[in-house]
Amino acid sequence: MSSYAARRTALRQALQAANLDALLVTNLLNVRYLTGFTGSNAAVLVDASGDDTSVFCTDGRYLTQSAKQVPDLERLIDRPCDTALASRAKGRLGFESHHVTVDGLDELTAAAGKAELHKAGGLVEKLRLVKDEVEIEALRMACAAADRALAALIGHGGLRAGRTEREVARELESRMLDHGAEGPSFSSIVAFGANSAVPHHSPTDATLHTGDFIKLDFGALVDGYHSDMTRTLVLGRPADWQRDLYDLVARSQAAGRHALGPGVKVSDVDHASREVIEKAGHGNEFLHGLGHGVGLEIHEAPALSKAGAGTLSAGMAVTVEPGVYLSGRGGVRIEDTLVVRESGPELLTLTTKELVVV
């Protein structure tokens, strides 16, 4: 059984538990998760019956691509796909209410005829919380591409006085492509000096000077899966305050990593990391949650934060990324992507977390 067929089997079980006869999947990321299709227009009708009688729909532009990527399902070539599939449904039809617009619901209702529409938002996302080994390997490759890109950037003098944040961001993203990425996971954050105190700073023409913090938050996209990593470096000899701040965040990040485990509350993971920073008197300068899930989206469940709900399970892929930001001076964030395992978290981002001086 392919990984896609196994995921559809798990979804059918969820549909049966929800007393639904079928689910109309219209979110393209969820379609990809269930079928492997990577085009820009598609939907899939997953039947809750014991056999995999799901129907995949796309339009004529993807006739050849869909035959290759989705060989194991009945294919319908039509447009629009959502109403074409809804017209084939019977009984209690679930739909992705978190994805369908108000106008779209009216169209589905008209197309569904006697089928009863029921909100079923988040069913596929709930399955996506726990990654299978195929997904984890894609995440591992994405993290490796980012690791290699950073090593090449540093090793070839990419971080030197006079370079701008924009120049470094462009080079970092180019090097990720050189090392197997389809593209960056998101617009890379490159922040020098005082700009490093802005958690989500956008690169500018600010230039790098000796003594500056260099904050790099970036990731690579491989087979549709995202990596996410932050490293903070110093150009030249670090000042005492910089080393102290870095050591504090490193201790906090280690505490968060070590707290990961099956059955652990996500809020407890946040607390384990945040407590280190609060005890040092910098709690008000840790301005965001500890981390988030990664996968087909760069930010997905679970949320590791004070207000986060639920517990971790083996196979979840998450980030741990505490930071302390001293406005007008500089900030430090250290971030890894990890997989929750029974034997302890698996670290996927392997670049050193020692303070690197360039």
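**Figure 1. Two domains of the predicted protein chain.** The chain of this predicted model divides into domain 1 (3–128) and domain 2 (130–347); these bounds come from an automatic or database domain assignment. Their centres, taken over C-alpha atoms, are separated by 35 Å. Seven residues from domain 1 and 11 residues from domain 2 take part in the contact between them, where contact means heavy atoms within 4.5 Å. Residues are numbered from 1 along each chain as its sequence is written. In this predicted model, local features need pLDDT of at least 70 and side-chain atom pairs count only at pLDDT 80 or more, while totals for chains, interfaces and linings use all residues; side-chain values use heavy atoms, with hydrogens and water left out.

Figure 2. For "domain: Creatinase N-terminal", an unreviewed UniProt entry lists residues 7–130. That span is 40% helix and 21% strand. Its end C-alpha atoms are 11 Å apart. The UniProt annotation "domain: Peptidase M24", also from an unreviewed entry, covers residues 137–342. Here the content is 33% helix and 23% strand, and the end C-alpha atoms lie 17 Å apart. UniProt positions follow the numbering used here, feature names are shortened, and annotations may be inferred rather than shown by experiment. Helices (H or I, at least four residues) and strands (E, at least two) are DSSP runs, numbered from the N terminus.

**Figure 3. Helix α5 and its buried side.** Helix α5 spans residues 102–112, and its buried residues are Gly104, Leu108 and Ala112. They cover an arc of only 65 degrees around the axis, so they sit on the same side of α5. The arc is that of the directions from the helix axis to the C-beta atoms. An α-helix has 3.6 residues a turn, so residues three or four places apart point the same way. Val102, Asp103, Asp106 and Ala110 are exposed, on the face turned away from the buried side of α5. Buried means under 20% relative accessible area, exposed over 50%, and partly exposed in between (1.4 Å probe, protein chains only). The buried residues pack against β1 (22–25), α4 (81–86), β5 (92–95) and β6 (116–119). Just after α5, Gly113 takes a positive phi of about 65 degrees.

**Figure 4. The open sheet β7-β10-β11.** Three strands form this open sheet in the order β7-β10-β11, with antiparallel pairing. β7 (183–184) and β11 (225–226) stand at the edges; each has a single partner strand, so one side of each lacks a neighbour in the sheet. Strand β10 (residues 220–222) pairs with β11 in the antiparallel sense over two bridges. Val222 has Tyr225 of β11 as its bridge partner. Two strands pair if DSSP finds at least two bridges between them.

**Figure 5. Tyr325 and its surroundings.** Tyr325 lies in strand β16 (residues 323–326). Its relative accessibility is 4%, so Tyr325 counts as buried. Its side chain makes a polar contact with the side chain of His288 (2.6 Å). Another polar contact, of 2.7 Å, joins the side chains of Tyr325 and Arg333. A polar contact is a pair of N or O atoms within 3.5 Å; within protein, one must be able to donate a hydrogen and the other to accept it, and residues adjacent in sequence count only if both atoms are side-chain atoms. Neighbours within four places in sequence aside, the contacts of Tyr325 include Ser196, Lys215, Glu285, Leu287 and Val332. Val198 is 127 residues from Tyr325 in sequence, yet their C-alpha atoms are 6.9 Å apart.

**Figure 6. Strand β18 and its partners.** Strand β18 covers residues 336–339. Asp336 and Leu338 point one way, Thr337 and Val339 the other, and all are buried. Strand β15 (residues 317–320) pairs with β18 in the antiparallel sense over four bridges. Ala317 stands opposite Val339. β18 and β19 run antiparallel, joined by two bridges. In β19, Leu347 stands opposite Leu338. The two strands form a hairpin with six residues between them, and Gly344 in the turn has a positive phi of about 125 degrees.

Figure 7. Thr349 sits in the loop between β19 (346–347) and β20 (356–357). At 1% relative accessibility, Thr349 counts as buried. Its side chain and that of Asp336 are joined by a polar contact of 2.7 Å. A polar atom of the Thr349 side chain lies 3.0 Å from the backbone nitrogen of Thr337. Beyond neighbours within four places in sequence, residues in contact with Thr349 include Cys143, Asp147, Asp228, Met229, Arg231 and Glu335.
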